[in-house]
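The sequence and the model are shown first, and the description follows.

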Amino acid sequence: MLSEKLLTALSDQVNAEYYSAYLYLAMSAAATKLGLKGTAHWIFTQSQEEMAHGTNIYNYIIERGETPAFKPIEKPVTEYTDVHHIFNEILKHEQSVTKSINNLATIAMTDADHAAYQFLMWYVNEQVEEESGVSDILDKLKLVGSGDSLLALDNELGARVFVNPFPAN
Ligand code: OFO
């Protein structure tokens, strides 16, 4: 049985992961509009990952014998000036997700819910990888400027392949 507080926080995280997926769809569409197909693909793949993250938490709540609370998913921002703007917003968003995942882990720890804490560790580590991956892209963007080098980076981002981290879900 999950505590009321942990159930609420996990339910909110399902919503946050689906919101992330929706936000990244909006950003992917914006990148397409900017003519950056590879970047659009990278962000679309990120959106698919976020759906998988949300579904996995949903399944965990069900596995623990609980019912998640459902809330509306917020409307994402759809206008972005350029690719730097998009990736800066992605980094800020991932940093806010990291805070909510850490908050979830703290609740599980306070509840002495070792199973939930263990479950959440995957997400804690994933956030380290996500922030680091986006920071790397931002560093490269600072170096490339525009023109051919931006197109080369766009091609590189276009090679990302979606791998479902939870194929059993
Ligand atoms: Fe779900 O990892 Fe990003 O937000």
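Helix axes here are lines fitted to C-alpha atoms over the stretch in contact, and angles run from 0 to 180 degrees between N-to-C directions. The model is a predicted one. In it, the axes of α1 and α3 come within 10 Å and cross at roughly 170°. Angles over 145 degrees count as roughly antiparallel, and α1 is therefore roughly antiparallel to α3. Sorted by class, the residues in the contact of α1 with α3 are 16 nonpolar, four polar and four charged.

**Overall make-up**

The protein chain has five helices and zero strands. Read from the N terminus, the order of elements is α-α-α-α-α. The C-alpha trace spans about 55 × 25 × 25 Å along its principal axes. For 169 residues, a compact globule would have a radius of gyration near 15 Å; the protein chain has 17 Å, which agrees with that rule.

Helix α1 covers residues 4-33, which is 30 residues. From its first C-alpha to its last it reaches 44 Å, close to the 44 Å expected at 1.5 Å a residue. Just after α1 comes Gly35, with a positive phi of about 85°.

Helix α2 covers residues 37-63. Its 27 residues should span 39 Å at 1.5 Å a residue, and because its end C-alpha atoms are 39 Å apart, the model agrees with that expectation. Gly65 follows α2 and also has a positive phi, near 80°.

**Packing around α3**

Helix α3 (residues 83-110) meets α2 with axes that come within 12 Å and cross at roughly 20°. This angle makes α2 roughly parallel to α3. The crossing of α2 past α3 is left-handed. On the α2 side of this contact are Thr39, Trp42, Ile43, Gln46 and Glu50, and on the α3 side are Val83, Ile86, Phe87, Ile90 and Glu94. By class, this contact of α2 with α3 has six nonpolar, two polar and two charged residues.

Helix α4 (residues 114-144) packs against α3 at an angle of about 160°, with the axes 9 Å apart. The pair α3 and α4 is therefore roughly antiparallel. Here too the crossing, of α3 past α4, is left-handed. The contact of α3 with α4 has 20 nonpolar, seven polar and four charged residues.

| α2 with α3 | six residues | two residues | two residues |

Definitions and conventions: Residues numbered from 1 in each chain as written. Predicted model: local features only at pLDDT ≥ 70, side-chain atom pairs only at ≥ 80, totals over all residues. Heavy atoms only, no water. Helix = DSSP H or I, 4+ residues; strand = E, 2+ residues; numbered from the N terminus. Parallel < 35°, antiparallel > 145°, perpendicular 65-115°, else oblique. Left-handed = near helix turned anticlockwise from the far one by under 90°. Contact = heavy atoms within 4.5 Å. Nonpolar A, V, L, I, M, F, W, Y, C, P; charged D, E, K, R; others polar. Expected span 1.5 Å × (residues − 1). Rg over C-alpha atoms; globule rule 2.2 N^0.38 Å.
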